[in-house]
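Welcome, and please have your viewer ready. Below is a short tour of how some pieces of this fold pack together.

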Amino acid sequence: MAMKEFVISEAQVETAVLVGLITKTQDERKTNEYLDELAFLAETAGAEVVKRFTQKLDQANSVTYVGKGKLDEIKQYIKEEEEAEREIGMVIFDDELSAKQIRNIEGELKVKILDRTSLILDIFAMRAQTANAKTQVELAQYKYMLPRLQRLWTHLERQGGGSGAGGGKGSVGLRGPGETQLEMDRRIILNRMSLLKERLAEIDKQKSTQRKNRGRLIRVALVGYTNVGKSTLMNLLAKSEVFAENKLFATLDTTVRKVIIDNLPFLLSDTVGFIRKLPTDLVDSFKSTLDEVREADLLLHVVDISHPDFEEQIEVVNKTLADIGAAGKPMILVFNKIDAYTYVQKAEDDLTPRTKENLTLEDLMRTWMAKMEDSCIFISAREKTNLEELKTLVYKRVRELHVQKYPYNDFLYPTYDE
Ligand SMILES: Nc1nc2c(ncn2[C@@H]2O[C@H](COP(=O)(O)OP(=O)(O)OP(=O)(O)O)[C@@H](O)[C@H]2O)c(=O)[nH]1
Ligand SMILES: [Mg+2]
């Protein structure tokens with residue numbers, strides 16, 4: 001065991017174990033889908049999922065999330081793996097854990113404990129490129145940490161203020177009699193948070209000035225669940241080169257491009273994708289990124305129709321839009337990835353009712369077109385199917401909005417070149 005550190009491994013990936021609950025409101029199928037998504041998140045963060053545990057419970061156990069028996073089972077598994085020289089790097093829980101739960105679980109399992117939120121934060125931190133995104137992520141990380149700080153210090157039991165060397169500059173004057181290390185850390189973090197907030201407010205101001213100076217153009221925003229193809233579509237429509245890949249949260253920062261369809265210029269923005277169980281705090285931290293969506297005149301809601309759960313994803317996106325105050329905007333549903341759509345064909349003599357797995361693409365198109373009329377379209381950004389139709393539809397909408405919003409805008413008619 002001791003030799004391990006001296007063996008040069010080929011970029012060893014950390015292994016992860018996933019844990020989810022089957023509850024009254026979340027059946028087994030759903031839990032498995034959630035864990036698929038959690039596994040995708042873990043892979044995006046650079047971990048390899050080696051095992052999943054699920055448990056049927058009415059609700060999460062307030063002390064250890066899963067029950068005692070299940071926790072023992074996980075502990076046993078970790079122990080056996082370790083004995084076989086397969087170290088488990090972390091255990092990731094599908095729901096947000098409280099400080100108490102993390103402390104107890106960590107005490108039992110003795111490996112790194114993450115939950116969906118901290119995993120997403122980790123990916124965000126990894127992805128953040130600009131000062132804006134970095135500041136937003138750091139703030140979100142502190143918001144997550146603050147109520148969970150306690151566990152970082154419990155093992156040190158530093159009561160009575162005598163923290164000595166660890167105190168840092170200015171802490172002596174700040175620290176009241178009997179103040180604990182925990183309270184001090186809390187204060188340092190709160191100070192840092194208000195600094196970050198100020199910085200974000202400054203960036204917000206700049207951004208909103210920038211937006212005002214953009215002229216009288218209709219603003220269109222690409223929105224949708226993560227990994228549905230927003231950036232791919234942005235690149236096609238704006239002939240830009242936004243980073244797109246098969247990972248979650250490839251995009252964190254908003255990109256805005258001027259697009260011209262048939263002499264009609266408008267602004268198109270690509271932004272961070274949404275996901276299930278995204279804590280509101282995190283959404284709040286991305287306020288300035290999401291301003292672009294909030295101030296858009298038209299939303300292109302991109303949907304990955306090849307995803308088995310696309311209908312729930314639509315709901316999650318609509319709910320998140322409502323949360324950020326962007327509900328009720330004109331919207332076009334863009335069903336993407338029709339090239340990858342699959343369904344289970346039913347045998348002729350199979351008389352069981354058809355389920356959504358049996359719907360053909362044509363069935364789906366008919367259903368949604370009946371529901372949305374001409375506000376939905378089916379495309380493949382990869383195969384470039386129906387892109388012209390999409391452009392025509394966007395053109396029509398943008399033009400209507402433009403005439404409404406800027407009735408005397410002479411921008412609209414002459415040839416516009418750039
Ligand atoms: N099969 C198929 N794959 C597609 C299509 N459009 C995009 N993709 C792939 O889907 C993956 C995600 O694409 P992105 O454009 O990065 O998706 P996004 O919505 O911007 O994702 P985030 O920024 O991570 O939220 C990439 O691997 C794309 O190549 C399509 O029409 N068909
Ligand atoms: Mg993207």
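This is a predicted model: local features need pLDDT of at least 70, side-chain atom pairs count only at pLDDT 80 or more; totals for chains, interfaces and linings use all residues.

Helix 9 itself spans residues 230–238 and is mostly covered, with seven of its nine residues buried. Just after helix 9, you will find Lys 239 with a positive phi of about 50°.

Next come two helix pairs. Two packed helices are described by the angle between their axes and the distance between the axes. Here are both pairs side by side:

| Helix pair | Axes come within | Crossing angle |
|---|---|---|
| Helix 5 (residues 131–145) and helix 8 (residues 181–212) | 10 Å | roughly 150° |
| Helix 2 (residues 68–83) and helix 3 (residues 99–109) | 9 Å | roughly 40° |

Angles over 145 degrees count as roughly antiparallel, so helix 5 and helix 8 are roughly antiparallel to each other. Their crossing is left-handed. On the helix 5 side, the contact is made by Asn 132, Thr 135, Gln 136, Glu 138, Leu 139, Tyr 142 and Met 145. Helix 8 contributes Ile 189, Arg 192, Met 193, Leu 196, Lys 197, Arg 199, Leu 200 and Ile 203. Sorted by class, the contact of helix 5 with helix 8 has eight nonpolar, three polar and four charged residues.

By class, the contact of helix 2 with helix 3 has five nonpolar residues, two charged ones and no polar ones.

Finally, take a look at Thr 320, which sits in helix 12 (residues 310–323). Is Thr 320 buried or exposed? A residue is buried if 20 or more other C-beta atoms lie within 10 Å of its own; Thr 320 has 22 C-beta neighbours inside 10 Å, so Thr 320 counts as buried. Leaving aside residues up to four places away in sequence, Thr 320 touches Phe 274, Leu 278 and Val 283. Thr 320 and Gly 224 are 96 residues apart in sequence, yet their C-alpha atoms are 9.7 Å apart in space.

Methods. Residues are numbered from 1 along each chain as its sequence is written. Chains are lettered from A and ligands numbered from 1 in the order in which they are written. Axes are lines fitted to C-alpha atoms, for helices over the stretch in contact, and angles run from 0 to 180 degrees between N-to-C directions. Helices (H or I, at least four residues) and strands (E, at least two) are DSSP runs, numbered from the N terminus. Angles under 35 degrees count as roughly parallel, over 145 as roughly antiparallel, 65 to 115 as roughly perpendicular and the rest as oblique. A crossing is left-handed if the near helix is turned anticlockwise from the far one by less than a right angle, and right-handed if clockwise. Two residues are in contact if their C-beta atoms, placed from the backbone, lie within 7 Å. Ala, Val, Leu, Ile, Met, Phe, Trp, Tyr, Cys and Pro count as nonpolar, Asp, Glu, Lys and Arg as charged, and the others, Gly among them, as polar. A residue is buried if 20 or more other C-beta atoms lie within 10 Å of its own, exposed if 12 or fewer, and partly exposed in between; C-beta atoms are placed from the backbone.
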